Amino acid sequence: MRRKDQAARRQQLATAARQVLLERGAVGVRVKDIAQQAGLAPSSVLYYYPKLDDLLLEVSRGAMERYAERRAEAVRALDSPVDQLRLAIRLGVPSGPDDEESRLLYELDAFTGSSRTFAILTSSYFDRQAMLYESLLEVGARRGDFDLGAPARQIGRGLVALEDGLGLQVVIGHPAIDSAEAERILLGYATIATGVDLSAVPVSGAS
């Protein structure tokens, strides 16, 4: 089979695995479930991915890359660090229980306890999100837009940690924490940390 065909088949399997994760959750996901979703024999899945974890890692990398790059590109398109921070917070909150990309990322978190590779990937993803915040906070502080109450790295990590915790509640449908409430809490933290009332800043660049 040509390399192009192999890449297409791997993409087919990753798409099928994604759908299985969204429909059934990460716990108990099986090779035969993915094969059935892809319309292939289980042996075909094992041919390309002898270990199921390898396929799930590919799904995870793809989801993380799409999420991180989409947010980074949108933020970089703005000039003002204040506008950038406001948009980054908006984009860091799931839209609701039907937000498939966010749901997928939370489902994949279930594998971090049993796989060192998953744990490393998840840590790197956290750091990437924190660094986005850290860089725009540092630029804003240098320009005099922000009066930081703590080091930029600490604030950035705090924002991502809040995103993770609040986002999970949004995705599972917490009755008191929807997307708007999660964003409000994040804006409150960022306002205290930067000295700028971010709740009064309109969102620019959001699609």
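Reader: Which pattern does the protein follow when read along the sequence?

Author: This is a predicted model, in which local features need pLDDT of at least 70 and side-chain atom pairs count only at pLDDT 80 or more, while totals for chains, interfaces and linings use all residues. Residues are numbered from 1 along each chain as its sequence is written, and side-chain values use heavy atoms, with hydrogens and water left out. Helices (H or I, at least four residues) and strands (E, at least two) are DSSP runs numbered from the N terminus, and the protein has 9 helices and 0 strands. Along the sequence this reads α-α-α-α-α-α-α-α-α.

Reader: What percentage of the residues count as buried?

Author: The C-alpha trace spans about 60 × 40 × 30 Å along its principal axes. A residue is buried under 20% relative accessible area, exposed over 50% and partly exposed in between, with a 1.4 Å probe and protein chains only. Of the 207 residues, the buried share is 42%.

Reader: How are α4 and α7 placed relative to each other, roughly parallel or roughly antiparallel?

Author: Axes are lines fitted to C-alpha atoms, for helices over the stretch in contact, and angles run from 0 to 180 degrees between N-to-C directions. Helix α4 (residues 52–76) packs against helix α7 (residues 116–143) at about 5 degrees, with the axes 11 Å apart. Angles under 35 degrees count as roughly parallel, over 145 as roughly antiparallel, 65 to 115 as roughly perpendicular and the rest as oblique. The two helices, α4 and α7, are therefore roughly parallel.

Reader: Which elements give two or more residues to the lining of the second largest pocket?

Author: On a 1 Å grid over the protein atoms alone, a pocket is an open set of points with protein on both sides within 12 Å along at least five of seven lines, whereas in a cavity a 1.4 Å probe fits but cannot get out; lining residues have an atom within 4 Å of a point. The second largest pocket is lined by 17 residues, and Leu 105, Tyr 106, Asp 109, Tyr 125 and Asp 164 lie nearest its centre. The elements in question are α4, α6 (100–108), α7 and α8 (152–172).

Reader: Tyr 47 and Tyr 48 form an aromatic pair; is Tyr 47 buried or exposed?

Author: Rings of Phe, Tyr and Trp (its six-membered ring) pair if their centres lie within 6.5 Å; planes under 30 degrees apart count as stacked, over 60 as edge-to-face and the rest as tilted. The count comes to 2 aromatic pairs, and Tyr 47 with Tyr 48 is edge-to-face at 4.9 Å centre to centre and 85 degrees between the planes. Tyr 48 is buried at 9%. At 59% relative accessibility, Tyr 47 is exposed.

Reader: How many residues apart are Tyr 67 and Tyr 125?

Author: Tyr 67 and Tyr 125 form an edge-to-face pair, 6.2 Å centre to centre with 65 degrees between the planes. Tyr 67 is buried at 12%, and Tyr 125 is buried at 16%. Tyr 67 lies in α4 and Tyr 125 in α7, so the pair links distant parts of the chain, with a separation of 58 residues.
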